[in-house]
Structures are given as C-alpha cells and as structure tokens.
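Visitor: I have a chain open on my screen and would like to talk it through. Could you walk me around it?
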Amino acid sequence: MTMMTPPPVDQQEDEEMLVPHADAVVEGPQPMEVAQVEPASTVDSQPVEEPPTMKFTWTIESFSRLNTKKHYSDMFIVGGYKWRVLIFPKGNNVDYLSMYLDVADSQALPYGWSRFAQFSLAIVNQIHNKYSIRKDTQHQFNARESDWGFTSFMPLSDLYDPSRGYLVNDTVVVEAEVVVRKVLDYWSYDSKKETGYVGLKNQGATCYMNSLLQTLYHIPYFRKAVYHMPTTENDMPSGSIPLALQSLFYKLQYNESSVATKELTKSFGWDTYDSFMQHDVQELNRVLCEKLEDKMKGTVVEGTIQQLFEGHHMNYIECINVDYKSTRKESFYDLQLDVKGCRDVYASFDKYVEVERLEGDNKYHAEEHGLQDAKKGVLFIDFPPVLQLQLKRFEYDFMRDTMVKINDRYEFPLQLDLDRENGKYLSPESDKSVRNLYTLHSVLVHSGGVHGGHYYAFIRPTLTDQWYKFDDERVTKEDVKRALEEQYGGEEEMPQTNPGFNNTPFKFTKYSNAYMLVYIRDSDKDKIICDVDEKDIAEHLRIRLKKEQEEKEDKRRYKAQAHLYTIIKVARDEDLAEQIGRDIYFDLVDHDKVRSFRIQKQTPFNLFKEEVAKELGIPVQFQRFWIWAKRQNHTYRPNRPLTPQEELQTVGQLREASNKTHNAELKLFLEVELGLEQVPIPPPDKTKDDILLFFKLYEPKKRELRFVGRFFVKSSTKPIEIIAKINQMAGFAPDEEIELYEEIKFEPCIMCEHLDKRTSFRLSQIEDGDIICFQKPTPVDSEECKYPDVPSFLEYVHNRQIVHFRSLEKPKEDDFSLELSKLHTYDDVVEKVASQIGLDDPTKIRLTAHNCYSQQPKPQPIKYRGVEHLTDMLVHYNQSSDILYYEVLDIPLPELQGLKNLKVAFHHATKDEVVIHNIRLPKQSTVGDVINVLKTKVELSQPNAELRLLEVFYHKIYKIFPHSEKIENINDQYWTLRAEEIPEEEKNLGPHDRLIHVYHFTKETAQNQMQVQNFGEPFFLVIREGETLAEVKARIQKKLQVLDEEFAKWKFAFLSLGRPEYLQDSDVVSSRFQRRDVYGAWEQYLGLEHADTAPKRSYAVNQNRHTYEKPVKIYN
C-alpha cells in the first residue's frame, strides 16, 4: 500500500499507535494500515536472494526497579546493520509499555542514509507461551525516523501483574525478529515503463479492493463483458457502477500512471469512512459480482458472471441399510477451503468431499424408513472456467473469544488437477468429457495480523512464466518463487547470521501468505485470455475518457505554466453589497468570490486596465485601483490607490512589490465613482487629508447588516458633520439620530467600539479602508431586539454555531439541528437539547463528541460539566466539527458518573444456567455490597445461601474477591465476573482438607508443540486427606451430572505450569497439592481432559461501545 496521509484516529479507538517514538504522545497520523514501503523486488525475472534475518532475545531482570524513562537493549547485527530495542518501562506518556526497534548507530551514519526492515516485537508470556503478545510491522528507517514501533504495545496493568505471566521473578523477556530488505527507489520507479502495467491508488485502507480489482481486470473475458455493459453519455460514473468500472478498466489499460478508485467507490454509495475501513476481499468480491450480475440482466452480456465463475455441487445423504438417497444441487461462485490441518489444496478438497457417518445418536430420519445409519457428503457436478478459491486464513477461536489468523504453511500448485484419482471429487452425473485441469492465474496475499495489514496480488495476466506483483500504485516483475513458495505461509528456519547471540537456528513465522487463489481451466484458456481492444469500448466512453485525459493534460499544462501568470482578483462595490450580510459579516469581501483575471506577468498594467474595460464595461479613464493590505490585527482592507508610476509597471512587478506573501495572486479594489444617472465619472483627486470610508447599516429589529456605500471624508472632519450624508445612503431623514461604531477586528474576539461624533476622524485614528457601522438607537429594554446594537449583533454572529444532533443509537442520521453559541456552557447545551426533545431533566442528557476522521462518535462520552464551552465539545485534534451525539439516561449523569457498572454472570447452584446481571452501585461500594444486591435479584437454592464473586479469565479462576474490596478498580471489560453460591462443604473445611481448582482441558498440537487448552466453566473442589482419585471422580461426576458412558472417556491429571501428570484411580490426590510458593493457585490444578462438546454460550461480556466492523455494502 502506498502511504497516503491517513486520518488521525482517537487513541482510545485504535488498538495501538504505530509511530516513531517521541517524548510526547503522538497525535499525528496513526496508520490504520501499516505503511508499506516496497521490500526488495526485482524488475527483471531473476533469482531473489534470501533477505538477512535474525531473532534477538532480550531478558530484562529487576524490571520493576528500572528507574530510567528509556531503556535500550544490547546491540545486535542483521544485514550488516546495527540494531537495538528501545522500551519505555513506564510508557511513553501513555499507560502502556512503549516499544520500538532502533537503529543503534544512527548518529554516526552518513548523510542521507536509509534502510528497510520488516520486524516483529514481542513480550513473552512465561507461564503460557501462546499468550505472548507479538506485533509486526515494517518501516523505512532514516535520520528523521531512526526508530519505529508501538507507543501502546500492551497495557502496563497487564505487564506489571505477576499473575498474567509477563513479569515472572521480576523478569521480562523481549523478542525481536528482524528481516532486512533492499529497497528500490520508490518515487522514481515507473511501473508502466518497467512492466507495461499500472497500479491503483490507495484511498486510505483500500488495498484489499485494489488487489481484487486488478485480479478481475486481468481476466480479459470479464473486462470485455464490463466494456459491453450498456451505458450512455448522460450517465455519471459516480452514480453508475458499470460506467465507473468501465472507466477504471479503460484507464488501467491506457493510462501511463496509477489510477484512482474514488469514482468507483462513490458509485458503490460508499462514504469516506467506508473507504477507510478494511473489509474482506471475499465479501467485496461476492457483493460486487452480485451487483454486476444484476446490472447485466436484460443486456447483451447477461449471464457472464455465471458463465465465468459459477460451479455446482451436490449435497447428498445416502442410507447404508435401505435404498434411500436425498440430494440437493447448489451453485457456488467461490469455494472456501480449510487451511488448518491441511497441507495443500488437494488436502482441502479431500476434506471438502469427506464422507460423514450418521449413526448412533446421530442417525438420519429417512421418511418412511425412520432412523437409519447413513453417509453424508458433497460431490461436485461441475467446476467453473474461472475457479476462485478462498483460503480460510481467518477463523474464530472460541477459547480466546476472538478472530485469529492462521499462518500455517499451505501449498498450492501451478497446475491443479480436479479429475485426479478417477474423479474422486465429481458426482456420478458430472460431464466426464470436460477435463478439469486448471492453471494458476493469480495469488491474493494478506500480510499482517487479524486486526489489519496489507493486501496485494501476484498475477500472470497471460499465463506465461512471468509473474507481476500488483501492490497498490506499484507493479513489479517477480519470479515464480516469490509468487508461490513465499506465499505458502508457515514457519521458516533461518540460518544464524550473527554467532554469539543465538547459536541455534530459529523459526520465523511468515505473516504474509496467500488467502485467495484464482485458477483458469486449460480448455477455456483461449476464450478467457482473449484480446480486448478499443473496438470493445463504447464510442461515448472513448470520447468521454479521452476528453477527461485532455482536461487532465490541460490542468497539468496550466500548472506547469502557472509561474508565467498572475491571478488578479478585482473586488467592486457590487461584490461588497452582494456579500455583506449574506456570505460575510466582517471585513468587506471574500476574495474567492470576486472576478478574477489570469494575466501574463509580462503584461503592462495599463493593458490589463483595457482588459477590465472590455470585460466590465468601465472605460480606462474612470478606473482607479487600490491595493489591499493585511493589517496587524488580521483584518484585510483597501490601503492606498496605485500610483501612476506603479501603473506603468508589468503585472508581475506590481504583484511582487505589493505582495509580501509571494503567492501568485494580486488583490485589488476597483473604485468607480458614479455621477448623475449612475454614469461613471473620473475619480476625484485624493490628497493625504482624504480618507476612504466604508459604511454598513445595522437594523436591530430585522437582525440585518448590509453594505450601503463608501465615500471620502477629510481627516479633520467630525462624524457629526457627515450624519446627513450617511442618512441619505440609508434612505433615512437627513436629521435622523444614528449611533456610529468602528468595526476594528473580529479575531480572536470582536472589537467594535462606539465612535464619538464630536471627535475628528484624525483624533479617532480613522484611516483609509476603515469600516463605520451605524444604526438607529434602540431602547435598552426593547424585548423585540435580542441584539440591540452593532457590537452585540457582531458578537452573536461571531459565536453562533449550528450543531447537528444525532441519537447515539443512530449515529449516521441527523436527528435535529440547533443554533447555539460557541460560548454556551455545558449546562446551556444540555438544556437546549432537553427542551428540543421535551425532557424535563437536562442532567439525564449525555453527550458524545464526533470523530472527524472516522465519522463516528468518539468512544468515550463527555463527562458531566467536563468541558467549559460548546467549542471544546466540537474540537477534534486541530479540526472542528458541527456534530454531537446525545442519549437519554435513566438517571442523572452526575449520579451515573458516581456509580460503577459491573456485569456479573450468576451461576445457579442446581440449574445449568447462567444469567448476566448489570449491577450499578456507587464507586466507593464494596464487593459485599454487590453480593447483597445480587441476592435480591437471583434465585437462591436456599434462603441462607452465601455468595462469592470470582474473576475468571480464559476458563481459569484467578481471584476470589474479598467482601471488603472496593469495586471502583474492578475491570469487567476483559475478565468475566462470576457470582456463585458457596457450597456447604467448603464452609466446614477440616484442618487437612484442601480447596483446589478444577479445570477442563484438551490437548492441541500447534507448531509441533503440545499445548493445553482450557475450556468450559472452572470450579473449586474440596479434597480430603487420603482421598483417592476414584473417590474424587465419583464426586465430580455427581457434581457435573455426566453420564457413565461419557465419563468413562475422561482422563484426570495434576497440572502444574501447564504440564499434565496423569493420575490413576488409586493415587491419593491431596499428596499432589502440597502447599508451595506459587504465583497463583491457578498454576496447579486438577485437570479434566475430555472433548469440548458443550454448546457455546451466547453471551459476550467484552463488547466496547463502537468496536464493530461494518459489513461491505454497495448501495447503488
């Protein structure tokens, strides 16, 4: 992905911040995708050298006693470069461990140095390695960014909690895996010149879409069909998917540089936020093909999608002992193949058609034959010409209640034979005359983890031996090894490059791997890889796109010649009259809305005046031009007329002399004096004593301000002497009493002062370009005039703010809008909202600010009186929004903020049910208070039953909360809080009785290591001195109510630090559980090993307010 400037995201919303370290919290761009810089890549098809790689382990002892802000590891060498790891043990101004990879000798390197590395950083979990936290990224290191990594690597609360396993014996273990690659000159590389193909620009996080579009484009039959979809010259690409796709494909075919996708995403009906969300390629592929299929109906290309991508399979159930068979035919556009447990594509197809036996309790009900033993499976009736295989690289891990990425090695062949082994995948009615031999066309790759990453594609457009990598804007030639073997995934054993650090080879996980494959059937190759040329493209489309190209070229030429021209913006009385009171209230004019002229810099100014005469109909002798000046108080006013000498200069010389900001514009005010019958007359002579003043009239009852004219006054004149003339401009009687004010400035605050009518303009420091506002006096107690004078009206205008309110439940829809003041306090705002929705108690309103970049509510609401003014509610970083979200609470917000909300799962003593209760209590309450409230809500097995509260995490009990513990610091976001009755046997423990932890577990093999996986509900059990396993088993079976047949399959083990020691029925259990110094009781437990057959409970306890990913939708 090309790194555009991605939008900043609230720190609370981002899982982490991926940034160079700074000694302050970084609030700048925080990539939503990892910023991709092209790793080593060869333009010619030649062997690619293995990049230097290394794993470095750093053991930090006495970790909690580190008292430095920064802490560096020893230096290690990879790729001939010196590196080290940098950590901030107490966080880089955040409550997280901050960790970066650092170029160790950056100070000593020559000017202009840079190097590129892919790397991962990890904090090892020393109790259970599978809970180690590892994050990976890549970066182009240089003098400005000599370190790169994660400011929010992991919460300090987790790191410093010995029970979590990251800090053991006050020691932390850090791992860094580094791959150093060579880098092509990114900016000078020309994809079209080097490969003949162009890339697609990334809109922010749309590389998943770019890789799919390139794949579809390079199926020529598909491209031809898109070109033949009927569109007209009246269609707009942003409103028509067919036209937008035609336009995109045309540009990919004929452009010289990378192509933008904005028109296409607009035609999808996506807003900017959609574009910045990473979606799933498979989901987008299906939705896009469904849309195109629909749009192709009734046209010459109807049915193309089906012809290319649609295959059929047959689901069957066949009875073994009676003659009965049930079949159902289904179509597919892509196939989802298992990766986990399969070594290659063939193994996945074997698994796909695997026969399942329906017997025992799982017999099949075969209509009149009743329950029967049967076999169930799937066979293919036919495969499509273009076979799309989706590899299931992402799956849900029920143990961890999260999505995980499967990085296992998974091979795929260049040639795929689906007729193998006498057509084992095919149903009896399949057409045996069709040869299902396929050639690999494209490999779509995902690099990164489950929460984000980067997508790109390897494609061979004409099925020759030459592969190309399409990575957003860049296209490079690649060899077959890079496209195939390097995308298998899995682990690689890297040779040791630096003796003296780790002398044994290590496994390096490949985070880049294929997750979609496209194969083309050999017998259909000539039809699908067909020629597509200009005659396939509708004439109106060719004309439109050529015109677009010409306009683009004109713009480029315009830009290239811009240094030869000056833009002159000419403001006139008519502009002031039109804009003041409508578009603007302060100063005199918005220069972007006045007449502009593009004049060559060498043009004499007098020739420009002739151009003005021609355009505006004002003869040259009646024109007088004034230079505008920016004053120290940031107002912008006409300053002085041009001198005759200046008018002899060229436009370019004049612009340079008058413009200190050196932009290409010259701003002028054209003074035209009108005589009788409004005919232009020569401008009057101006002496030093003459001042040009501009006048605005304010009408309090109408709340209107407008420009009424300008004229010259003598500096010695007093305002009272020109009252009649001012009244005449306003259409008032000559002797009408009026108040005068000088508009001085409006930023950062309004300054508009009363003008003394009896003090001369000179003494009042009035000068050319000043603005006098006037009005009729208004009675102070006038109720119909909310803003009785000019200053109060200007104050109102300056601070007024239209705010669009949305219900937090419907964050995309405006509910209502209110005109508020930026100076409104928190109380003012909630009162207005309460009044609008008819709520009596404003304190029940809770507001949430808007994130300008994600276009979503911020994760945390605004605290009661947590901000001073409305402006504080609307600001997001350096941007200001006009959206607020509101919700109506059941209790006042101040009261709610003093409460703690806990989600407690109550486990009934005798029924197999779990009920979630939300308990809301004052923050100073104790666990005992929670238990007392629970007793009033739950059904107890007996009136005197006692309850306890436990902390459960990953199916283990980590803590029994003492009744005296304060609830304020209890976290129910990540751990489950479980409440249960205390069994009677636990209340009367004898001196030699032990209370032990009992957990369910299975064994899994991952990465060639046996790992224990816990599941189900953990519990406590009393074991008595001398009690054998057989006796304990009997009690467990009774407690869990497991049937004899099932219980006979269970195994029992003593587990310490994850290692099982299996027990025999005659073993004395208590002898294993001797008291010893352990970090936590969960480290030794009685394990019940059996299959996890229980249905998953449907409650979730760790849903944050807005952490959902929207499904892909194409709206048009």
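Guide: What follows is a short tour of this chain, taken as a predicted model.

Visitor: How many helices and strands are in the protein chain?
Guide: The secondary structure of the protein chain comes to 27 helices and 58 strands. Of its 1116 residues, 52% are buried, and among the contacts between residues at least 6 apart in sequence, 68% join residues at least 24 apart.

Visitor: Let's look at helices. How do the axes of α5 and α14 cross?
Guide: Helix α5 covers residues 241-254 and helix α14 covers residues 539-561, and their axes come within 11 Å and cross at roughly 60 degrees. The crossing of α5 and α14 is right-handed.

Visitor: And which residues meet there, between α5 and α14?
Guide: From α5 the residues are L243, Q246, S247, Y250 and K251, and they meet H540, L541, R542, R544, L545, K546 and E548 of α14. The residues of this contact of α5 with α14 divide into four nonpolar, three polar and five charged.

Visitor: Moving on to α19, which of its residues are buried?
Guide: In helix α19, which runs over residues 723-730, the buried residues are I723, I726, N727 and A730. Seen down the axis of α19, these buried residues fall within an arc of 100 degrees, so they line one face of the helix.

Visitor: Why would residues three or four places apart point the same way?
Guide: An α-helix has 3.6 residues a turn, so residues three or four places apart point the same way.

Visitor: What covers the buried residues of α19?
Guide: The cover includes the strands β36 (690-699), β37 (704-714), β38 (739-745) and β40 (771-775). Just after α19, G731 takes a positive phi of about 80 degrees.

Visitor: Which residues other than glycine have a positive phi?
Guide: Among them are S62, with a positive phi of about 50 degrees, and Y954, whose phi is near 50 degrees. As background, most residues other than glycine have a negative phi, and most peptide bonds are trans.

Visitor: Where do S62 and Y954 lie?
Guide: S62 lies in the loop between β2 (53-60) and β3 (71-72), and Y954 is found in the loop between β51 (947-953) and β52 (956-960). S62 is partly exposed, with a relative accessible area of 30%, and Y954 is partly exposed as well, with a relative accessible area of 24%.

Visitor: On peptide bonds, is the one from E747 to P748 cis or trans?
Guide: The peptide bond from E747 to P748 is cis, with omega near 0 degrees, and P748 lies in the loop between β38 and β39 (751-754).

Visitor: Now F906: buried or exposed?
Guide: F906 lies in strand β49, residues 899-907, and F906 counts as buried because its relative accessibility is 3%, where buried means under 20%.

Visitor: What does F906 touch?
Guide: Leaving aside residues up to four places away in sequence, F906 touches E913, V914, V915, H917, V938, E939, L940, L947, A979 and E980.

Visitor: Last topic, cysteines. How many disulfides are there?
Guide: The count comes to zero disulfides, taking a disulfide as a pair of cysteine sulfur atoms within 2.5 Å.

Visitor: And C342 and C852, buried or exposed?
Guide: C342 is buried, with a relative accessible area of 6%, and C852 counts as buried at 13% relative accessibility.

How values were computed
Residues numbered from 1 in each chain as written. Predicted model: local features only at pLDDT ≥ 70, side-chain atom pairs only at ≥ 80, totals over all residues. Heavy atoms only, no water. Axes fitted to C-alpha atoms, helices over the stretch in contact; angles between N-to-C directions. Helix = DSSP H or I, 4+ residues; strand = E, 2+ residues; numbered from the N terminus. Left-handed = near helix turned anticlockwise from the far one by under 90°. Contact = heavy atoms within 4.5 Å. Nonpolar A, V, L, I, M, F, W, Y, C, P; charged D, E, K, R; others polar. Buried < 20%, exposed > 50% of the residue type's maximum accessible area, 1.4 Å probe, protein only. Arc of directions from axis to C-beta.
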